[in-house]
Amino acid sequence: MTDLSSTPAVPAPVIHRADYRPPEWLVPEIALDFALSLTATHVRADLEVQRVGTASGPLRLDGDGIAAKSVLIDGTAHNDWYMDGDSLIIDLPGERHTVTIETEINPAANTQLSGLYASGGMLCTQCEAEGFRRITFFPDRPDVLSRYTVRMTGEKAAFPVLLSNGNPVASGDNADGTHWAEWHDPWPKPSYLFALVAGDLVASRDSFTTRSGRRVDLAIYVRAGDETRTGHAMKALIDSMRWDEDVYGREYDLDLFNIVAVADFNAGAMENKGLNVFNTRYILADPETATDGDYDAIEGVVAHEYFHNWSGNRVTCRDWFQLSLKEGFTVLRDQQFSADMGSAPVKRIEDVRILRAAQFPEDSGPLAHPIRPDAYQEISNFYTATVYNKGAEVIRMMTVLAGPERFRRGTDLYFDRHDGEAATCEDFVRAIEDGAELDLGQFRRWYEQAGTPRVTATLTHAGDTATLVLSQTVPATPGQPDKQPMVIPLRTALFDRATGQHRGEQLLVLTEPEQTFTFPGFTAPPVLSINRGFSAPVAIDLPMETADLVFLAAHDDDPFARYEAMQQLMVRHLVAAVSGDLPDEARGEGLAAIRDVYASVLADAALDDLMRGELLILPGEGYIAEQLAQADPSRIHAEREALKRWLGSQLAGPWQALHDRCTAVPYSLEAAARGARKLKTQALVYLAASDPVEAARRAKAQYDAADNMTDRQGALMVLAGIGTAECDEARRAALADFHARFAGNALVIDKWFSIQASALHPDTLAHVTALAAHPDFTLTNPNRVRALYMAFAANPQAFHAADGAGYRMIADLILKLDPINGNVAARFVPPLGRWRRIEPTRAALMRAELERIAAAPGLSRDVREQVSKSLE
Ligand code: 0A1
Ligand code: ZN
């Protein structure tokens with residue numbers, strides 16, 4: 001008997017960057033007409049198509065899960081078309097034609113949230129990367145740019161607001177209770193930037209006058225009741241518009257800029273031309289419901305989407321392999337903006353922490369890919385920390401090599417040269433080379449090679465000369481066994497022990513497998529501070545005395561380097577401890593050194609509290625695991641908790657004093673008050689490790705007194721993590737209060753799920769199992785799914801439960817979520833894909849779960865690609 005369900009699916013084709021061919025047909029104009037309905041939206045598309053040069057092929061239009069109800073060529077019904085898989089093919093005789101196609105779609109049934117979908121009674125679109133083809137047939141590729149005219153008709157009661165890209169042209173009421181609106185976008189754009197929104201929304205409005213005097217009307221559309229929570233996003237938008245003029249010379253180019261916030265969204269936000277669509281979590285904020293971290297994230301994401309207007313929309317991508325062209329550059333721009341708006345050193349440390357936590361594991365795992373990938377099956381899987389965050393680091397290195405003025409000449413040239421075009425990463429590099437007068441020949445390897453380079457530094461001293469030998473290797477990654485040396489710019493300083501000073505920073509550029517640098521004039525061995533500011537996204541191996549790390553932690557004038565010295569001190573201690581490589585005496589010395597550095601950071605009056613908070617963060621368990629060929633997550637967890645407990649008990653007095661001092665600071669969004677809030681919860685975290693009863697008492701007081709979400713969430717997080725029986729009542733009461741207090745506020749209920757799933761509590765796995773059955777839980781809202789399960793998968797103690805229950809939970813989730821939303825389901829594969837770097841017993845359990853997923857019939861292309869690569 002044949003079991004059809006186990007018939008292997010036809011593997012998805014692999015798309016190669018090298019196979020790029022320019023389009024044979026262009027679509028200079030498109031008119032779309034939507035008859036809107038939640039369950040049956042009718043779409044009529046008029047495409048003005050134009051043959052390119054002497055191309056002889058038929059017109060090939062992409063589709064996905066749609067059927068053509070009718071096809072007209074130049075206004076006449078036409079039957080001479082056919083389907084090739086999902087593509088609609090038409091043989092056209094001439095050079096230019098009008099092709100009219102009608103489709104009908106069911107937005108309410110669109111649980112993938114790609115294309116046109118329904119969210120809480122409103123209709124909205126998400127077209128990047130390949131969602132437009134779920135609306136109508138079209139050459140759905142970013143190098144086909146069209147001018148869009150969009151008309152939509154719908155029930156006025158259900159959809160009072162009708163929005164699309166560009167400018168409103170006309171609107172009116174019909175006799176049957178429907179109304180209509182027409183929009184026109186004068187800027188040619190690829191289909192992925194198309195957007196439409198229809199719903200019952202209210203606008204918060206403001207305006208911005210550009211430096212050339214153009215008045216731009218700004219609106220943020222939200223559900224009624226949420227308009228009081230848009231102020232921070234609006235401020236971020238106005239600040240971004242001004243900053244892009246000041247720093248990159250980029251001015252906005254329409255009379256209108258609309259943002260819509262939607263509760264069901266696969267990603268953070270989307271830069272559709274003149275009509276950004278945002279996940280509500282990156283728009284809505286007030287002190288009661290949003291943390292300081294939420295405020296920062298809103299500022300960063302609003303800026304990111306706004307900056308795409310130039311880096312992404314005016315200059316777009318030729319094909320999806322070039323994704324980092326827009327994303328890496330735009331992430332760099334939003335990082336620079338946030339640095340300018342707040343504390344630049346703190347922002348840099350946070351960005352490096354994200355890179356190390358999210359991108360380094362990607363680079364060292366089965367899904368490693370260069371920032372410009374060479375091949376993919378499903379492009380949605382390539383919206384990665386590598387393309388985004390490492391992409392930003394690569395362009396940041398260009399700024400280090402060129403300096404800010406020359407880099408700006410490079411970006412000016414890039415925007416000038418490629419405005420209105422679909423460009424490549426190579427175009428960008430060449431523009432920076434020409435504009436900044438910089439040779440980036442060898443530097444291009446950053447676009448080609450995956451893997452985090454490792455630099456080994458050895459400093460010796462003889463006579464009056466210090467000698468630094470630097471060598472580099474780039475580890476093998478899937479499909480790239482042999483690597484060439486990279487260009488690695490390292491900001492470096494040598495400190496005089498006696499004076500505690502250095503004699504000026506130098507930029508050392510490592511280009512060879514090994515290079516030697518000499519520094520005369522040192523009568524005594526200096527202390528090396530290297531990769532200051534994290535000038536290159538590399539790992540540094542530097543055998544360094546504990547005393548030297550302590551010296552840098554106290555004296556380094558580069559804030560990142562100071563943070564890094566403290567991190568190194570702790571990472572080295574923890575790695576030795578988990579490797580069983582730490583005799584009692586050395587353990588005692590290591591702990592004492594860490595305690596003393598902590599004590600001086602706690603006491604250092606010259607530090608601002610935001611920076612103090614950064615310095616006092618323990619290295620993450622994932623980052624410690626990265627240092628080991630095969631990690632035992634339970635040992636890492638135990639050693640890290642032991643260190644936390646030691647710091648908690650040794651510095652109990654200072655932590656309590658800190659908590660008292662910070663508790664007295666009233667709420668404001670000023671840096672000093674934010675710093676106080678950050679430290680307040682950190683003090684509780686250390687105290688909770690050593691004295692849970694006292695920490696629970698303080699956390700409860702902080703929770704009860706909280707007039708803002710930062711304090712409330714911090715206190716609840718600490719309480720939720722305490723497993724001590726006598727604190728259990730306080731834990732339960734606070735969780736119940738939080739839920740009751742914020743019932744109906746989806747973003748805050750997300751926090752309630754997350755806090756429990758990421759808790760240190762020993763019963764977290766059971767709690768998460770119960771939460772999955774809670775009436776507020778749903779698999780159809782990506783924020784809710786991430787709130788529960790991403791938090792869980794990032795909670796090492798719970799996810800890596802020794803019996804594999806955590807792995808099973810995530811595999812079950814993937815299988816259940818995949819038919820609903822493959823894009824989001826695939827995001828849960830990488831945590832399981834780390835199995836090769838985990839100790840053998842757990843590795844086998846992780847692998848078995850991947851195999852169970854792989855054996856399931858009907859997997860999405862998204863999950864299939866990630867799972868099969870993780871098993872290779
Ligand atoms: N371009 C957006 C990211 C984005 C990508 C895919 C999406 O749908 C699945 C949505 C947004 C950005 O970088 O902000
Ligand atoms: Zn982006």
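Q: If a residue is near a molecule when its C-beta atom, placed from the backbone, lies within 6 Å of it, how many residues surround ligand 1, and which are the closest?
A: There are 14 residues around ligand 1, and the closest are Q126, E128, N266, A267 and M270. This is a predicted model, in which local features need pLDDT of at least 70 and side-chain atom pairs count only at pLDDT 80 or more, while totals for chains, interfaces and linings use all residues. Residues are numbered from 1 along each chain as its sequence is written, and chains are lettered from A and ligands numbered from 1 in the order in which they are written.

Q: Which elements each supply at least two residues of that shell?
A: Both β20 (269-270) and α2 (292-307) do so, where helices (H or I, at least four residues) and strands (E, at least two) are DSSP runs numbered from the N terminus.

Q: And what is the shell made of, by class?
A: Around ligand 1 the shell has four nonpolar, six polar and four charged residues, with Ala, Val, Leu, Ile, Met, Phe, Trp, Tyr, Cys and Pro counted as nonpolar, Asp, Glu, Lys and Arg as charged, and the others, Gly among them, as polar.

Q: Changing topic, at what angle do α6 and α7 pack?
A: Helix α6 (residues 404-418) packs against helix α7 (residues 425-436) at about 130°, and their axes are 7 Å apart; axes are lines fitted to C-alpha atoms, for helices over the stretch in contact, and angles run from 0 to 180 degrees between N-to-C directions. The pair is therefore oblique, since angles under 35 degrees count as roughly parallel, over 145 as roughly antiparallel, 65 to 115 as roughly perpendicular and the rest as oblique.

Q: What makes up that contact, by class?
A: Where α6 meets α7 there are seven nonpolar, three polar and six charged residues.

Q: What about α15 and α16, how far apart are their axes?
A: The axes of α15 (residues 652-663) and α16 (residues 671-690) are 9 Å apart, at an angle of about 145°. By class, their contact has ten nonpolar, three polar and one charged residues.

Q: Where does UniProt place the Ig-like fold?
A: An unreviewed UniProt entry puts "domain: Peptidase M1 alanyl aminopeptidase Ig-like fold" at residues 451-541; UniProt positions are given in the numbering used here, feature names are shortened, and annotations may be inferred rather than shown by experiment. In the model, residues 451-541 are 0% helix and 49% strand, with end C-alpha atoms 16 Å apart.

Q: And which residues are listed for the C-terminal domain?
A: The unreviewed entry lists residues 547-872 for "domain: Peptidase M1 alanyl aminopeptidase C-terminal", a span that is 73% helix and 0% strand, with its end C-alpha atoms 44 Å apart.

Note on methods:
A residue is near a molecule or strand if its C-beta atom, placed from the backbone, lies within 6 Å of it.
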